[in-house]
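Good morning, and thank you for making time for this presentation. Please have the sequence and the model open while I speak.

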Amino acid sequence: MLNIGLISCGRSDFNIYLPLMEVLMSDIDINLKVIAAGTHSKKEYGSTINLFNKYNIPVTHTIDIPLLKDSPYALNTFSAETMIEFSKIWESDNFDLVFVLGDRYEMFAAASSTIPFNIPLAHLHGGETTLGAIDNVYREAITTMSTYHFTSSEEHQQRVIQLKNNNKDVYNVGSLALEHIKKLNVPISQTNNILFCFHPETVKLNNQNNINIICDTLNSIPNPITVTLPNNDTQNNIIRNTILKKLISPNRFTIKKALSPLEYYKELASCSFMLGNSSSGIIESSIFKKYSINLGDRQKGRACGKNVIHCSIDKDKIITAIDEVTNKGLFEGENIFYKPNTSNDIIKTIKSIWVP
């Protein structure tokens with residue numbers, strides 16, 4: 001029996017992990033141990049720990065560390081305590097392999113804590129680039145720490161090979177989230193509703209000015225807008241509090257702390273287009289035939305499909321981009337991150353290495 005751990009730090013990775021967790025749970029050769037950390041237990045981030053129960057996924061370990069503030073010092077303190085709590089798990093439990101995903105600072109802390117214990121890591125979504133966020137540094141560090149790599153595109157695969165200086169155990173499997181979306185088969189429609197999600201930029205800390213401009217722009221257009229609140233990054237409370245203060249029309253703005261995968265994909269499937277700087281606008285939007293207006297620099301450098309329109313944070317330019325996208329209708333191109341059977345390909349690869 002192969003003891004496999006999987007670290008989830010919040011809403012942003014749960015939706016992606018879901019098909020992999022389901023396949024891992026159903027494999028008789030694998031004992032899955034899910035570790036829920038980060039913001040999963042926080043009410044202000046939607047208590048997303050409940051998603052595991054909703055999808056009948058047992059959680060073996062829960063790490064719940066108090067969130068102080070959103071300053072660099074507070075996030076470093078949170079990371080340090082995260083490393084300590086994960087070290088206790090590695091000391092008391094046995095793992096043959098642990099899955100980590102993406103680029104969050106909490107994931108970096110968890111991954112770093114495995115190094116003295118010589119626990120092999122399998123990294124999902126490595127090789128991507130986000131020059132407007134410090135996540136870029138965390139992602140590359142996790143890549144360096146990991147033994148196995150499962151990327152979302154050939155371009156990202158080549159980037160990981162470049163970082164590692166070899167192509168051993170680097171596999172292009174596509175995006176897990178898209179596999180799950182295909183299985184859900186959510187009907188696609190198009191209303192005039194905009195799906196908006198904006199996270200802080202954590203390299204250039206100009207977030208108050210950015211969100212002021214964006215909120216003023218959103219208040220000046222007639223569309224109803226579904227707003228999902230930002231992740232727990234540096235200065236996220238600036239974004240969060242400004243949204244709650246300025247986007248107050250109950251007839252136009254619907255504010256969501258967190259959505260289940262199905263709830264979120266229904267919003268995406270029925271909206272007119274996406275607006276903001278979420279990775280979902282880059283990776284997932286085109287699977288629902290939606291255009292995505294990517295604001296600012298957070299996702300700068302990430303591979304994008306032809307449905308993504310990049311726009312600086314300027315009121316007139318945002319309105320022009322909105323007018324352009326509104327007139328386009330549905331996007332009819334391909335999603336560059338989709339490959340069939342992603343989760344099964346990952347499991348087959350792991351088992352070919354670990355199971356006789």
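I begin with a definition: two strands are said to pair if DSSP finds at least two bridges between them. Helices (H or I, at least four residues) and strands (E, at least two) are DSSP runs, numbered from the N terminus. With those terms in place, in strand S12 the bridge partner of Gly-276 is Asn-294.

A word on the origin of the coordinates. This is a predicted model, in which local features need pLDDT of at least 70 and side-chain atom pairs count only at pLDDT 80 or more, while totals for chains, interfaces and linings use all residues. Residues are numbered from 1 along each chain as its sequence is written, and side-chain values use heavy atoms, with hydrogens and water left out.

Let me turn to the overall form. The protein contains 13 helices and 13 strands. Its radius of gyration is 20 Å, close to the 21 Å that the globule rule gives for 356 residues, so the protein is as compact as a globular protein of that length. Here the radius is taken over C-alpha atoms, and the globule rule is 2.2 Å times the number of residues to the power 0.38. Along the principal axes, the C-alpha atoms fill a box of roughly 60 × 45 × 40 Å.

How much of the protein is buried? Of the 356 residues, 58% count as buried. Buried means under 20% relative accessible area, exposed means over 50%, and partly exposed lies in between, with a 1.4 Å probe and protein chains only. The accessible surface comes to about 14700 Å², and 50% of it belongs to carbon and sulfur atoms. Those areas come from the Shrake-Rupley method with a 1.4 Å probe, and for residues only the protein chains shown count as cover.

As for contacts (heavy atoms within 4.5 Å), consider those between residues at least 6 apart in sequence: 72% of them join residues at least 24 apart.

I now come to the open sheet. It has 7 strands in the order S3-S2-S1-S4-S5-S6-S7, with parallel pairing. Its edge strands are S3 (61-62) and S7 (170-172), each of which pairs on one side only. In general, strands of a sheet pair through backbone hydrogen bonds, either parallel or antiparallel.

Within this sheet, I would draw your attention to strand S4, residues 97-101. Because 5 of its 5 residues are buried, S4 is largely enclosed by the rest of the structure. Strand S1 (residues 2-8) runs parallel to S4 and is joined to it by 3 bridges, with Ile-4 opposite Leu-97. S4 is also joined to S5, again in parallel, by 4 bridges; there Val-98 has Leu-121 as its bridge partner. Moving on, S5 (residues 121-124) pairs with S6 (residues 148-151) in the parallel sense over 3 bridges, and Leu-124 stands opposite Phe-150.

What follows S4? The loop between S4 and helix H4 (105-114) holds Asp-103. At 14% relative accessibility, Asp-103 counts as buried. Leaving aside residues up to four places away in sequence, Asp-103 touches Asp-135, Tyr-138, Arg-139 and Arg-302. Of these, Arg-139 is 36 residues away from Asp-103 in sequence, yet the two C-alpha atoms are 4.2 Å apart.

Let me return to S12, residues 292-295. Ser-292 and Asn-294 point one way and Ile-293 and Leu-295 the other, and all are buried. S12 runs parallel to S11 (residues 273-276), with 3 bridges joining them, and to S13 (residues 308-311), with 4 bridges. Asn-294 has His-310 as its bridge partner in S13.

I close with two residues of interest for their backbone angles. Most residues other than glycine have a negative phi, and most peptide bonds are trans. Asn-118, although not a glycine, has a positive phi of about 55°. Asn-118 sits in the loop between H4 and S5 and is exposed, with a relative accessible area of 69%. Asn-185 likewise has a positive phi of about 55° without being a glycine. Asn-185 belongs to the loop between helix H7 (176-184) and strand S8 (194-197), and at 63% relative accessibility it counts as exposed.

Thank you for your attention.
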